[in-house]
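Let's take a walk through this structure together, one neighbourhood at a time. Have the sequence and the 3D view ready.

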Amino acid sequence: MNIIILTGRFGMGHVKCAEAIREGLQSQDGVKVYILDIIDWIFPKASKTIYGSFSLMVSKAPRIFNYLNLAADKHSVVPLKSAMARKIDKIMDEYRPDLIISSVPVSGKYISAYKDLRKNDVPLFTYITDITVHDEWMANNTNRYFVGSQSAKEELMWRGVPEEKISVTGVPVKKAFSADIKEDGENNKLLIMGGGFGMIPGMDVLLSTVSELKGVKTTLIAGKNAKLAAMVKETYPGIEVIGYTDKVNEFMRDADVVITKPGGITTFEAIASKTPIFALQPFLEQEKGNARFIEESGVGKVVYELSENTARDLKAFLENKAEISRMKENMAALTASFEEDNPLRYLKGASDGQEGKAHVEY
């Protein structure tokens, strides 16, 4: 059986989700899994520009990004269908997939349009990597959606997706993040993560805040942001700085609290590792949805604006052992409530035409 997972480098969450899905599938006998970047395949000459523009917009013009994101929710279209179909023909000829999995919105749209144009019935599964659901994630030839929460499932149903085509699995993360409930300790190990771009809003205020905390060991994962790493080492020598690392799971499992942007994949990595979240300044639309989920699920605290009170709030959060203990328990209960996220469990119905044949207009 050949399975392709289509993803994109719009931040690292989509890619990490794809890697986690592949990890779960590779242990299955006779299964070959390939991760492909849909933008590199369809726009090989423009992909560098596309990703560069995305990074620039998110970091320098997030208000414009939010506006475009909301506009796409109302007017989502698939451009250049015929040209796109010829590119996807090459994927189909080379990999001959028995299942296509999408972990980025655009690939679901393209494959759905392709299925219409080529009258192709290859099953298409979509893993939504944030709690919020918008129209870009939806395509009428999708056989099954995998979502992070009950609220995301309800949003899909409100938009017209049949309940039997939705599984609440959480966002897949690698098994290395999974942990039993941690022992209640001194809550004195902080991990700061800036996401795929190695930066979170108000970093100067945050670093100044944590550097003043007594008896607390703080580790910052700066990712590929060498400028940030150099600044922290010089200005805040008491903070441990880690550049790009493939051992995020070890740092997260060792931490008592993770301070981060409320990205979808980071939120679920923290949940898997039972590390309570101190989420800072959600601004992008999907981050706001993730922040609401963090609060409603009782797995962390959200600070919507950094201020002179942030140090006090963080210190109080760390000292509240009972609250942090409850958050760990909530994370364990949430993980136990998720359905199986292995797509092979759901493939038979899609292959037999039980799930994907009805043409539903969303």
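Start at V31: leaving aside neighbours within four places in sequence, V31 is in contact (heavy atoms within 4.5 Å) with M1, I3, L25 and L344. Before going on, please note that this is a predicted model, in which local features need pLDDT of at least 70 and side-chain atom pairs count only at pLDDT 80 or more, while totals for chains, interfaces and linings use all residues. Residues are numbered from 1 along each chain as its sequence is written, and side-chain values use heavy atoms, with hydrogens and water left out.

Where does V31 sit? V31 belongs to the loop between α1 (13-25) and β2; helices (H or I, at least four residues) and strands (E, at least two) are DSSP runs, numbered from the N terminus. V31 counts as buried because its relative accessibility is 15%; buried means under 20% relative accessible area, exposed over 50% and partly exposed in between, with a 1.4 Å probe and protein chains only. Although V31 and I3 are 28 residues apart along the chain, their C-alpha atoms are separated by 7.3 Å.

Now look at the sheet that includes β2. Six strands form an open sheet in the order β2-β1-β3-β4-β5-β6, with parallel pairing; two strands pair if DSSP finds at least two bridges between them. At the edges stand β2 (32-37) and β6 (166-168), each with a single partner strand, so one side of each has no neighbour in the sheet. On average, neighbouring strands of this sheet are turned by 20° against each other, direction ignored. Axes here are lines fitted to C-alpha atoms, for helices over the stretch in contact, and angles run from 0 to 180 degrees between N-to-C directions.

At one end of that order, β5 (residues 144-147) runs parallel to β6 and is joined to it by three bridges. V147 has V168 in β6 as its bridge partner. Helix α6 (residues 105-118) packs on the sheet, where α6 touches β1 (2-7), β3 (99-102) and β4 (124-127), and its direction makes about 165° with that of β4. Helix α7 (residues 150-158) lies across β5 and β6, running at about 165° to β6.

Next comes another open sheet of six strands, in the order β9-β8-β7-β10-β11-β12, with parallel pairing. Its edge strands are β9 (240-243) and β12 (300-303), and each pairs on one side only. The twist averages 20° from one strand to the next. Between β11 (residues 277-280) and β12 there are four bridges, and the two run parallel; I277 stands opposite G300 in β12. Helix α9 (residues 226-235) packs on the sheet against β8 (217-223) and β9, its direction making about 155° with that of β8. Helix α12 (residues 285-297) also packs on the sheet, touching β11 and β12, at about 135° to the direction of β12.

Within this sheet, take a look at β10 (residues 257-260). In a regular strand, side chains alternate between the two faces of the sheet. In β10, V257 and I259 point one way and V258 and T260 the other, and all are buried. Strand β7 (residues 189-193) pairs with β10 in the parallel sense over four bridges, and L191 has V258 as its bridge partner in β10. Three bridges join β10 to β11, again running parallel, with I259 opposite F278 in β11.

What lies in the interior? The largest nonpolar core has 53 residues, of which I101, L156, F268 and I277 touch the most other members; a nonpolar core is a set of buried Ala, Val, Leu, Ile, Met, Phe, Trp, Tyr and Cys residues joined through side-chain atoms within 4.5 Å. Helix α11 (residues 264-273) gives the largest share of this core, five residues. Ten of the ten residues of α11 are buried, so α11 is largely enclosed by the rest of the structure. Its cover includes α1, α10 (248-254), β10, β11, α12 and α14. Just after α11, K274 takes a positive phi of about 60°.
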